[in-house]
Amino acid sequence: MNLKRSILFVGLLFATSTTAVFAQTSNIRKAKTAIGKFEELKGAGTAALGKTSLTDAQTAIDEAVVHDKTKDNPEAWTFYSIIYANIASLDNNAEAAVKAKDGIAKATELDTDKKFAENIKVASQTLGQFKFNQGVAAWDKQDYKTAYTDFSDALTYLPGDTTLTFYSGLAAVQNKDYDNAIEKYKALIPVKEYSSHKTVMVDLPKLYLSKGDTTSAIAAAQEAVTAYPNDNDAVVQNIELNLITGNEAKIVSDIEAQLAKDASNKNLHYYLGLAHSAAGNDEKALAAYQKAIELDPNYMEANMNAAVVIMNGGREDLMKLNEDKTLKQADYDKKLGEIKTKIAVAVPYLQKAVDIDPKNVDALKSLKSYYDFINDEAKSAELQAKINALN
């Protein structure tokens, strides 16, 4: 997955404060003038051409923040943070980023009356953009642990940025850091206008499952369906999770409701079959599997499960027959014939499954068991040879 290499917004520099400090020193003025020139070129998309101005600003501000008269001047530290944040961004300079971070902290501490709050915000945005770019670079190298750290650091300076929050969550997923991934995804749930909101909601249950929290996974899946009731991915995931966790009775009605809107969805018919099978409603399960096959004759799983339902029914009938010691031989033979006829209905489904996937051992063994049951030694041997060839 390629990440976009820009985020939503980086603020423009306010070249002068609305409440300028009287009797500014020469170095602060020089720094402001030079960084202003740099910002003009940066705004025109030619930041590299402003490198000389940025260097001039750096030289002037380095002197200002150590001079006795300005070392505790909030404006000096504000422009120190802006200048070093731009150096970090332009030169990919981690050391400059640290200085920008320290400058932001110092400026914030000294700016007790918030005169320079907007410019401090500009520095934070610029540093956040640098951290974001670092995260993208780490992602491209598949260093997802570092990418997560950089994206999370960027959020410190760009709090609430949805793109950063999502990317940090993605990086955590890639690093199998599911707790942090869940934290980041959950932060996006209230932001329904975010472009990837549906993706977040549909993927969140998977993250809970990855850490074995099925209870939270089901709750998150239901929340996704509530938010996106017409989204097939959300609905199907909710169905699958409930089937996995044994909530068949509840989920049957959900599947039927979705089928009312999407009757040609073969997977929904298959899921309905699974739900009915789990609930012991074999006739309804078979009907659902058969409908899935009607929509797609090559639906492997539906063919297999239809055969299993039929053969299991015949096996139960056979067990009951063998337990009945009161039957005469003629009656026993008659009922046995009826069972064989019943089980024979499974053969076309099993044969279809073998045709679809000739190397499917389960399908071959199931078909062989039928021929064993009817004492067709030749077919049984033929199928056993195919099974042996796969081992």
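Modeller: Start with one cut-off: a residue is buried when its relative accessible area is under 20%, exposed when over 50%, and partly exposed in between. Keep in mind that this model is predicted.

Biologist: Is L243 buried or exposed?

Modeller: L243 has 16% relative accessibility, so it counts as buried. Its place is in helix 11.

Biologist: Which residues does L243 touch, beyond those up to four places away in sequence?

Modeller: They are E248, I251, Y271, L274 and A275. Distance along the chain is another thing to read. L243 and A278 are 35 residues apart along the chain, and their C-alpha atoms are separated by 8.2 Å.

Biologist: Y271 is on that list. Where is Y271?

Modeller: Y271 sits in helix 13, residues 266-278. Its relative accessibility is 11%, so Y271 counts as buried. Set aside the neighbours within four places in sequence, and Y271 is in contact with V236, I239, E240, L243 and I255. Now take K206. Y271 and K206 are 65 residues apart in sequence and 19 Å apart in space, C-alpha to C-alpha.

Biologist: How many residues are in the largest nonpolar core, and which touch the most other members?

Modeller: The largest nonpolar core has 86 residues. F151, F166, L204, I239, I255 and Y271 touch the most other members. Helix 15, residues 300-323, gives the most to this core, with ten residues.

Biologist: N312 is found in helix 15. How does N312 count by accessibility?

Modeller: N312 has 32% relative accessibility, so it counts as partly exposed. N312 and V202 are 110 residues apart along the chain. Their C-alpha atoms are separated by 36 Å.

Biologist: What about A285 in helix 14? Is A285 buried or exposed?

Modeller: At 0% relative accessibility, A285 counts as buried. Helix 14 covers residues 282-295. Leaving out neighbours within four places in sequence, A285 is in contact with G273, H276, S277 and V309. E75 is another matter: it is 210 residues from A285 along the chain, and their C-alpha atoms are separated by 74 Å.

Biologist: Next, helix length. What span should helix 10 have?

Modeller: Count 1.5 Å a residue. The 14 residues of helix 10, numbered 214-227, should therefore span 20 Å. The end C-alpha atoms of helix 10 are 20 Å apart, which agrees.

Biologist: Which residues of helix 10 are buried?

Modeller: A217, I218, A220, A221, A224, V225 and A227 are buried. What covers them includes helix 9, residues 197-210, and helix 11, residues 232-244.

Biologist: How do I describe two helices that pack?

Modeller: General idea: two packed helices are described by the angle between their axes and the distance between the axes. Take helix 17, residues 347-356, and helix 18, residues 361-373.

Biologist: What are the angle and the distance for helix 17 and helix 18?

Modeller: The angle is about 145°, and the axes are 9 Å apart. Helix 17 passes helix 18 in a left-handed crossing. Helix 17 makes the contact with V347, L350, Q351, A353 and V354. Helix 18 brings A363, L364, S366, L367, Y370 and Y371.

Biologist: How many of these contact residues are nonpolar, polar or charged?

Modeller: Nine are nonpolar, two are polar, and none is charged.

Biologist: Last topic, phi. What is the general idea?

Modeller: Most residues other than glycine have a negative phi.

Biologist: Is N375 buried or exposed?

Modeller: N375 has a relative accessible area of 61%, so it is exposed.

Note on methods
Residues are numbered from 1 along each chain as its sequence is written. This is a predicted model: local features need pLDDT of at least 70, side-chain atom pairs count only at pLDDT 80 or more; totals for chains, interfaces and linings use all residues. Side-chain values use heavy atoms; hydrogens and water are left out. Axes are lines fitted to C-alpha atoms, for helices over the stretch in contact, and angles run from 0 to 180 degrees between N-to-C directions. Helices (H or I, at least four residues) and strands (E, at least two) are DSSP runs, numbered from the N terminus. A crossing is left-handed if the near helix is turned anticlockwise from the far one by less than a right angle, and right-handed if clockwise. Contact means heavy atoms within 4.5 Å. Ala, Val, Leu, Ile, Met, Phe, Trp, Tyr, Cys and Pro count as nonpolar, Asp, Glu, Lys and Arg as charged, and the others, Gly among them, as polar. A nonpolar core is a set of buried Ala, Val, Leu, Ile, Met, Phe, Trp, Tyr and Cys residues joined through side-chain atoms within 4.5 Å. Buried means under 20% relative accessible area, exposed over 50%, partly exposed in between (1.4 Å probe, protein chains only). The expected span of a helix is 1.5 Å times one less than its number of residues.
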